[in-house]
Amino acid sequence: MQALKCSHSCATRPMAAKGARSVSARPFGYQLFRPSLGRVALRVLKNQAVEEKKAADSSARQLLGMKGAALETDIWKIRVQLTKPVTWIPLIWGVACGAAASGNYQWNDPSDIAKLLTCMMMSGPFLTGYTQTINDWYDREIDAINEPYRPIPSGRISERDVIVQIWVLLLGGLGISYGLDKWAGHDQPTLLYLAIFGSFISYIYSAPPLKLKQSGWAGNYALGSSYIALPWWAGQALFGTLSLDVMALTVAYSLAGLGIAIVNDFKSIEGDRMMGLQSLPVAFGVDTAKWICVSTIDVTQLGVAAYLAFGLKEYTYAGVLLALILPQIFFQIKYFLPDPIANDVKYQASAQPFLVFGLLTTGLAIGHVNQLAAAASNAL
């Protein structure tokens, strides 16, 4: 009892070993920051930072419509996720390439910029959003296997809300296309025709009875042409005139888009096989499909580079395109060919920027040819 009453009494403390330093003599804060506790504290902070980063990445993936997304409950965030904003980018870029190919787009003209942005909105958020939403609707059973976090198979959005979204995006995109025709002063509603055609391709790609995606070749080419040819045509028709040679070139260029579409099939092999979808990795096996994939991407672009050099005599642009193809081949060898299933996203992130800049290079080359032809015509 005496020890409890007199806590500071020396009699109540054990004797310190000779030469040892007492606990009370430790520097202030040692108990909090001594090495063992410091390492624990740092580990806790590091783990907390990692978890916060994972949560942020998961939320970003949700808004972009990517794999590994958070299970968001806000209806408007879910609606955005259904449109897969990450897939808007190639269509928006394709419109810019078409505008460049027209030879008439003025990069510093506010009116032209406004038209271009409106056309990008039509091709991206509206018509691509329509395509992705209707694709998710008809893929709800297979997504329950491959991507159960998606809004429809997870039950986080009602069937009625999905159908309403499909119609709003489709009619909105068609309405914008008609408005652009009026804005550009077209005698024929060219952009409206293109929008209707693209929407029809999107429908038969996803919906029965045709459901083109069930056939590896037809489905992937339809997807590839939707990402390259159609937005290019929209951008060029808005600011100039579509010619048969350019349409043929972009249809051929869409074979590269077919290769990109095949890349996306590797992550869905299990579900595609279970649902009877004949994607190329399912039909030919992983090893054969990966070589088909890289061959279509590389051979197509090399053919376009040859056309720019020997057909259009645009040697500078041909050289730039060739320089953009080489890094793609490097990343194919480094990431994709060794393991296309594990490295599909890493390959896309590394190589696709070079592909889209190659597409813009081609558009600028054709635009330069058109400008030279217009100058020669005016001189006469």
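Modeller: Helices here are DSSP runs of H or I with at least four residues, strands are E runs of at least two, and both are numbered from the N terminus. It's a predicted model, so local features need pLDDT of at least 70 and side-chain atom pairs 80 or more, while totals for chains, interfaces and linings use all residues. Residues are numbered from 1 along each chain as its sequence is written, and side-chain values use heavy atoms, with hydrogens and water left out.

Biologist: Where does Arg79 sit?
Modeller: Arg79 is in helix α4, residues 75-82.

Biologist: Is Arg79 buried or exposed?
Modeller: Buried, because its relative accessibility is 15%, and buried means under 20% relative accessible area, exposed over 50%, partly exposed in between (1.4 Å probe, protein chains only).

Biologist: What does Arg79 contact, leaving aside neighbours within four places in sequence?
Modeller: Ile157, Asp161 and Gln165, where contact means heavy atoms within 4.5 Å. The Arg79 side chain also reaches the backbone oxygen of Asp161 at 3.3 Å.

Biologist: New topic: how many cavities of 30 Å³ or more?
Modeller: Two. A cavity is a set of points on a 1 Å grid over the protein atoms alone where a 1.4 Å probe fits but cannot get out, and lining residues have an atom within 4 Å of a point. Volume is the space filled by probe spheres set on the points, which are joined across faces, edges and corners.

Biologist: What about the largest cavity?
Modeller: The largest holds about 330 Å³. It has 23 lining residues, and those closest to its centre are Leu91, Leu127, Gly198, Ser226 and Leu230.

Biologist: Which helix gives the most to that lining?
Modeller: α9, with eight residues.

Conventions. Polar contact = N/O pair within 3.5 Å; in protein donor to acceptor, adjacent residues only side chain to side chain. 1 Å grid on protein atoms, 1.4 Å probe; cavity = no way out; pocket = protein on both sides within 12 Å on 5 of 7 lines; lining within 4 Å.
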